[in-house]
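Hi,

Here is the model I promised to send over.

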Amino acid sequence: MSERIINAERIEQIINVFGSFDENIKRIEQTYGVKITNRGTELKISGEDEAADRAGRAIEGLLLLAAKGETIDEQKVRYLIDLVSSGNEDKIGEMAKDVVCITAKGRPVKAKTLGQQRYMKAISKNTITIGVGPAGTGKTYLAVAAAVAAFREKAVNRIILTRPAVEAGERLGFLPGDLQNKVDPYLRPLYDALYDMLGAETYQKYLERGNIEVAPLAYMRGRTLDDSFIILDEAQNTTREQMKMFLTRLGFGSKIVITGDITQIDLPSDKVSGLKDAVRILDNVPDIAICRLTASDVVRHALVQRIIAAYETAEHSAKNGLPGQKKVYRRK
């Protein structure tokens with residue numbers, strides 16, 4: 001057994017790190033099997049040598065974030081524990097840098113994981129960025145934040161958000177209303193992100209002026225998009241032809257971000273995903289970045305990470321014919 005003492009600069013940092021009902025500290029105690037006690041700005045960690053050392057490194061990382069004004073929540077604690085396990089806790093300070101955008105309610109939007117940070121840097125440095133990753137990794141939300149930031153800085157004159165209206169088991173024609181009413185549900189996540197960044201009134205004002213456009217991918221055909229920040233969401237549901245059509249809409253002074261999850265393709269089995277095809281073809285093209293986010297970049301409920309991991313395991317087993325997957329053999 002060993003003890004390690006960590007000192008914080010202010011008691012407010014300790015309160016932030018402990019969290020509501022000490023939930024953050026309890027998570028660290030359970031993860032490493034240690035006991036953490038607090039006296040003023042001093043924290044004492046008791047446990048086995050290696051466990052106490054890892055817990056100490058995790059707490060030091062959390063104190064660093066707290067000192068930078070970050071609110072410590074469950075997601076940050078989980079992610080920091082992962083960083084300590086991989087020996088990358090020294091990079092934790094990078095998470096508190098580079099606010100992308102301020103929402104309508106005054107909340108700063110920034111990368112919460114190293115993967116997200118690489119994604120945001122790629123968007124700022126490249127004309128076209130392709131973000132591929134599972135649900136909950138912030139692909140669309142961060143892209144919209146970058147678009148709003150570019151618009152506010154007058155780097156672009158328009159924000160254009162688009163999605164392919166692919167029927168994932170539902171039938172578009174049976175929805176009530178005209179064509180716009182039918183496709184609006186498919187575009188709802190894009191509306192929600194814009195409302196959050198701009199507020200409903202400001203969004204409506206820019207929409208009426210033509211500074212913001214939210215439309216199905218089919219509406220992009222035949223256009224050249226200059227001075228625009230263009231986001232193609234759910235790109236895994238584009239066909240090869242649609243993706244080529246979209247990419248060639250790029251005009252002068254514009255930036256494109258393409259997002260998608262190749263594990264959730266709703267196309268017919270005989271159609272090749274335009275996203276998978278684009279990742280393969282454009283991998284080494286200059287000024288095009290391909291960012292691959294993983295389950296460790298998920299910033300939703302902790303259960304989302306477990307669900308993604310479970311599906312990945314099942315898919316791996318199915319491909320390799322491992323136990324738990326029934327394999328049918330035909331007689332020759």
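Below are my notes on the pockets and on the packing of some helices.

This is a predicted model, so to speak of local features a pLDDT of at least 70 is needed, side-chain atom pairs count only at pLDDT 80 or more, and totals for chains, interfaces and linings use all residues. Residues are numbered from 1 along each chain as its sequence is written, and side-chain values use heavy atoms, with hydrogens and water left out.

The largest pocket holds about 870 Å³ of space. A pocket here is an open set of points on a 1 Å grid over the protein atoms alone, where a 1.4 Å probe fits, with protein on both sides within 12 Å along at least five of seven lines; lining residues have an atom within 4 Å of a point. The volume is the space filled by probe spheres set on the points, which are joined across faces, edges and corners.

Its lining has 35 residues, and Gly 136, Thr 137, Gly 138, Tyr 141 and Val 299 lie nearest the centre. Strand S5 (108-110), helix H6 (139-152), helix H7 (179-198) and strand S10 (255-260) each supply at least two residues of that lining. Helices (H or I, at least four residues) and strands (E, at least two) are DSSP runs, numbered from the N terminus. By class, the lining of the largest pocket has 15 charged, 12 polar and eight nonpolar residues. Nonpolar covers Ala, Val, Leu, Ile, Met, Phe, Trp, Tyr, Cys and Pro, charged covers Asp, Glu, Lys and Arg, and the others, Gly among them, are polar.

The second largest pocket has about 470 Å³ of space. Of its 20 lining residues, Pro 134, Asp 261, Ile 262, Thr 263 and Glu 312 lie nearest the centre. Helix H10 (274-281) and helix H11 (302-320) each supply at least two of the lining residues, and H11 gives the most, with six. This lining divides into 10 nonpolar, four polar and six charged residues.

Now the helices. H2 (residues 23-32) and H3 (residues 49-67) pack at an angle of about 155°, with axes 10 Å apart. H2 is therefore roughly antiparallel to H3, a label used for angles over 145 degrees. Axes are lines fitted to C-alpha atoms, for helices over the stretch in contact, and angles run from 0 to 180 degrees between N-to-C directions. Ile 25, Ile 28 and Tyr 32 of H2 make the contact with residues of H3 including Ala 55, Ala 58 and Leu 62, where contact means heavy atoms within 4.5 Å.

H1 (residues 11-18) packs against H2 at about 65°, with axes 5 Å apart. For H1 and H3 the angle is about 120° and the axes are 9 Å apart. There, Gln 13, Ile 14, Asn 16 and Val 17 in H1 meet Leu 62, Leu 63, Ala 66 and Ala 67 in H3.

Best wishes

How values were computed. Angles under 35 degrees count as roughly parallel, over 145 as roughly antiparallel, 65 to 115 as roughly perpendicular and the rest as oblique.
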